[in-house]
Amino acid sequence: MAAKPRSVEPNFVAVDVGGTKILGALADRRGVVHARERLPTPRTDNPAEIVEVIEGVIAAVLKEEGLSHRDVAAIGVAVPGVVDPKKGIVVRTPNSCLSGVQLVSHLESRFGCRVILGNDCNLGTLGEVWLGAARGAKSAMGIFVGTGIGAGFSQKKKIWRGAREVAGEIGHIVMEIGGPLCGCGNRGCFEALAGRAAIERDIREAVAKGESTLLTEILDGDLSVIRSKALKEALERSDPLVERIMRRAAEIIGYACLTVRHLLDPEWIVLGGGVMEACGDTLWPTIQAIVNSDQLPGACERGGLCLSALGDDAVVLGAVAAAARKVGINVFKSLRDIKYPPVEDCRPGTIIVNGQQYEEDVVVLSHGRVKKAGSKLANDSEAWLSEELLAMLTRGGVETVILGLGFEVRNADISKAYEFFARRRVSLLALPTPQAVLAYERSNARRSAYFCISR
């Protein structure tokens, strides 16, 4: 592929090194992601193998856009565990083998541009403050429940890293004295009680004692690794064992949120990570009930609890924000720099957006791109509850979702859609499609839209 001409617009590459996947993204200062690459995290004790995959996802997103390393202003890399951003060293990764790796100098030598290293949950929180559920918050705590559990604390759009670069390591607060052994070496940590690895352990132990679970069928009898997607399917099918263990995890997460509230009193607590991304709406009522049961009131009502609005993109977008800051660009000043395509005509069966005619339902994403809805929706009331559609409409710094319900609106139950967006601090305008088009054209918010023209 021929290289594209260099753009005046600065490009940033971000990499989220997770316990199960390594996600790379190419984005601009507005938070628009132009390319993504996802590869499994090698199950290895050799750090060179993981570094090779990190290099691979960086190269892949550049290739996808026809760019070279010379077109990149900076690279942000997010790693689970303790890092030293000034020295560019991974100090300790309890669930990985990158401890001691001089990652920044290696990547700067390999790609020839500035590289910033950060803790994944710190950067995930920064992403949510920039373009997610905590946007506009003066203070926020992001709690990310994945393979392990991490967190970050932001105040005035900056991350508080602590005197020893370990602030926010909420996964390693002890919640059960003498409890299960944690990957960090301590016992009874929050992570060892409610992280996905802990959930897997509890399920396997229950099965070993003779309990049955649909996961055996879902995973073809191999329970050695139980991903969040499988847990979600088991919950949707009302598996009693998984429901019990996940309910217990939700209770622990709820009490951890209470601890955060009493210790730091952030304006917003944002729950993210792979487990919450897959199962958050199911776990939400239990977590929220515990937080709402708090008997220690504040002096005023402000902020609260919410789910991540960015999902998988939280960490990479936070890494983009940090990388941009490293080269003197304040991404928070670019929030409104999106040009949305005009809707020039809309009638049953036809919509013209930015000069292009479509004869099926369309989606306008947060960065202004238009996509055909395709098979993502069927023409019935349940279609409005498609999680894939709702997640798509939420991404990318969306403040308002505009939903065009069609021309003959009949009994469209969108209560679950309202709940979905409310939990992520996104407002929803649901209107007949002609009125939805007018609302879209008049809005000054960072927005997304779905226009139904097929009914």
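Is Arg-36 buried, partly exposed or exposed, and what is its relative accessible area? Arg-36 is partly exposed, at 41% (buried, under 20% relative accessible area; exposed, over 50%; partly exposed, in between; 1.4 Å probe, protein chains only).

The model is predicted, so local features need pLDDT of at least 70 and side-chain atom pairs count only at pLDDT 80 or more, whereas totals for chains, interfaces and linings use all residues. Residues are numbered from 1 along each chain as its sequence is written, and side-chain values use heavy atoms, with hydrogens and water left out.

The chain contains 13 helices and 20 strands (DSSP runs numbered from the N terminus: H or I, at least four residues, for helices; E, at least two, for strands). Buried residues account for 53% of the 455 residues.

Over the whole structure, 20 salt bridges are found (a side-chain nitrogen of Lys or Arg within 4 Å of a carboxyl oxygen of Asp or Glu). In one of them, Asp-313 pairs with Arg-36, with 2.5 Å between the closest N and O atoms. Asp-313 belongs to helix 10 (residues 313-326) and Arg-36 to strand 3 (residues 33-40), so this pair ties together parts 277 residues apart in sequence. Asp-313 is buried, at 8% relative accessibility.

Arg-38 forms a salt bridge with Asp-312, the closest N and O atoms lying 2.7 Å apart. This pair links strand 3, which holds Arg-38, to the loop between strand 12 (304-307) and helix 10, which holds Asp-312, 274 residues apart. Arg-38 is partly exposed at 46%, as is Asp-312 at 29%. A network of salt bridges links Asp-281, Glu-419, Arg-423 and Arg-424.
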